[in-house]
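Please look over the structure shown here, and then read the notes below on its aromatic rings, its core and its ligand.

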Amino acid sequence: MKKNENSRSSFSGKLGYVLAVAGSAVGLGNIWRFPYLAAKYGGGIFLLTYLILMFTFGYALIVSETALGRMTKRSPVGAFGTFGKSIPFRFGGWINAVIPMLIVPYYSVIGGWVVKYLFEYLRQNTAALAEDNYFGQFIANSADTELWFLLFGFIVTAVLFAGVKQGVERVSKVMMPLLVVLAIFVAVYSMTRPGALSGVAYFLIPNFKNFSWMTVVAAMGQMFYSLSIAMGILYTYGSYIKKDVDIEKSTKQVEIFDTAIAMLAGLMIIPAVFAFSGGDAATLQAGPSLMFITIPKVFASMGFGTGAGILFFLLVLLAALTSAISLAESGVSTFEDQLGWSRVKSTLLMGAIILIFGSACALGFGVLDFVQLLGMSVLDFFDFLTNSLMMPIAALSTCILITRVAGLDQIVREVEQSSDFKRRKMYCFFMKYLAPACIIIILFSSIANVLGWISM
Ligand code: TRP
């Protein structure tokens, strides 16, 4: 943390902080990833598991990461480093710092898909996009997917070079309310189609028959992903806030906002599966392609579908860009701070990482489709590696750092500087018992799943 030692900036105020965190939290995770996981892993039971994890475990982790960041005034590598210099501390810091670097490449591939769809709506290809095989043919066409990925990756890298971060924040302030309004509109439209109600029921009503271990694994990975936790981001944000920001309250606000957007996206997409594809099991299992299959069908059935399609994909694109830029920015600042590299060199390295890993993901459905990593396509593999393996390990390192090294008291004192920490007892219980137990169960299930010991 050489650079920031004396010049660490602060957020302008409490609202500025909440908006910044919400801006980084709301992205493809809410709109693209949450609905497909919910469709795939059990509907209502997934939602219930997600909500429980979010308001217990997720809450405790956000508070912890933010408080550690504010206390040490460091990003993850530096924050862990304040407590010790030996290998476990280095490992804890770095695993948090490396995760965003592995997410941006595949995030940019999905971003590329979004740009492609926006482009097609602009060309008024509304009916073609809604055809059954459109998406499959698109991603199998390697030249096409790679091109759109390169475009998205290029924009991200160019913004990092230009360093127009403030502009990005301003964009997201305008975009966020628009996104909410449009999402409500599309969700209502989608829920009122004939046959859509069984989709609403599938998404909202828990059915224990649909429960599997994978429901928990997926819900936990999604919680990390969507809230941008277990990857060092909140350490960095926490390090920018002053002592008067109420950590408890801002955490609650961010969680509620993020979940509301995810649920709206679920209500746009899952009922549409039932209304337009008869709720068939194969579509529910579609995975990463779900949004790209169902949303165009919704728009094609509307009177002014082309306009809605343009607006929708434009807003999703902006949400994806702001998130991708902050993810990549966190990688760049890790290089600058830890390796002492210049901004330009760090940005180039980040760009190269996006290019190499991202291309592998983009081509994984076309020319590279013979490459199966642990039985998954390259993109799914990166998603699994970061969300189901590395993030639990990163979260575990934070728990151990707090309970064994820093001491829960220190965190409690940090939080109490800005509020009376009403949920203190609950927080301590979660950090001591619930979090480690959850994480260990998840890690074992993920590994057992990879090794084929249990099928999930
Ligand atoms: N939470 C973001 C989403 O839902 C993705 C994300 C994960 C992110 N980690 C981040 C965004 C860090 C910005 C910074 O899409």
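## A tilted ring pair

W341 is partly exposed because its relative accessible area is 29%, a class lying between buried (under 20%) and exposed (over 50%), with a 1.4 Å probe and protein chains only. In this predicted model, local features need pLDDT of at least 70 and side-chain atom pairs count only at pLDDT 80 or more, whereas totals for chains, interfaces and linings use all residues. Residues are numbered from 1 along each chain as its sequence is written, and side-chain values use heavy atoms, leaving out hydrogens and water.

F335, which is buried at 6% relative accessible area, forms a tilted aromatic pair with W341, with 6.2 Å centre to centre and 35 degrees between the planes. Rings of Phe, Tyr and Trp (its six-membered ring) pair if their centres lie within 6.5 Å, and planes under 30 degrees apart count as stacked, over 60 as edge-to-face and the rest as tilted.

## The nonpolar core

The largest nonpolar core has 158 residues, and M291 and F313 have the most contacts inside it; such a core is a set of buried Ala, Val, Leu, Ile, Met, Phe, Trp, Tyr and Cys residues joined through side-chain atoms within 4.5 Å.

## The ligand

A backbone N or O atom of L28 lies 3.1 Å from an oxygen atom of the ligand, while a side-chain N or O atom of Y107 is 2.8 Å from a ligand oxygen atom. For S226, a backbone N or O atom lies 3.0 Å from a nitrogen atom of the ligand.

Terms used. A polar contact is a pair of N or O atoms within 3.5 Å; within protein, one must be able to donate a hydrogen and the other to accept it, and residues adjacent in sequence count only if both atoms are side-chain atoms.
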